[in-house]
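Welcome to a short tour of one structure. Have a look at the sequence and the coordinates, and then we can walk through them together.

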Amino acid sequence: MDCAFCDIPSSKVVIESDLSIVIETHDPVLVGSVMIVPRAHRETPFDLTPEEWADTFKLVQQMKATLDGRYQPDGYNLGWNCGEVAGQEVFHAHLHLIPRFRNELMAGKGIRYHLKQRAAWVEDS
């Protein structure tokens, strides 16, 4: 199996535990964004063990404290994409932790904003 998240170099790891790692996305638009990734290959979060869920929660809390200190965001989005139709591109579970800021263009628009637009539900003729 060829999985980009099963072989992440240690130089890209921000923090780690026995069950999961945290990597920065280095996205110029989503400043400070990270992903929490289980070490074991799990396709979606529905496949995580209870211990992996608990570990993910612990790392989310640790990273929030780090990002609060570094960037002072005004809010956060947390999100999983599960399956191709939902936007999953790498089929290894990963939780996005995205700091949000009042001065950004999409401030106040949550992760479901685009889905709630009528155009998102109109089929092509």
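## Pairing around strand 5

Two strands are taken to pair if DSSP finds at least two bridges between them. Keep in mind that this model is predicted.

Strand 4, covering residues 75–79, pairs with strand 5 in the antiparallel sense, and five bridges join them. In strand 5, R100 is the residue that G75 stands opposite. Strand 3, which runs over residues 34–38, also pairs with strand 5 in the antiparallel sense, here over three bridges. On this side, M35 stands opposite H96 of strand 5.

## How covered is strand 5?

How many residues of strand 5 are buried? Five of the six are, so the strand counts as mostly covered, given that buried means under 20% relative accessible area. Strand 5 spans residues 95–100.

## The largest pocket

The largest pocket holds about 820 Å³. It is lined by 28 residues, and those closest to its centre are L30, N77, I98, G110 and I111.

Which strand gives the largest share of this lining? Strand 5 does, with four residues. Strand 4 and strand 5 each contribute at least two residues to the lining, and these two strands are also antiparallel partners. Sorted by class, the lining of the largest pocket comprises 15 nonpolar, eight polar and five charged residues.

Notes: Residues numbered from 1 in each chain as written. Predicted model: local features only at pLDDT ≥ 70, side-chain atom pairs only at ≥ 80, totals over all residues. Heavy atoms only, no water. Buried < 20%, exposed > 50% of the residue type's maximum accessible area, 1.4 Å probe, protein only. 1 Å grid on protein atoms, 1.4 Å probe; cavity = no way out; pocket = protein on both sides within 12 Å on 5 of 7 lines; lining within 4 Å. Points joined across faces, edges and corners; volume = space filled by probe spheres on them. Nonpolar A, V, L, I, M, F, W, Y, C, P; charged D, E, K, R; others polar.
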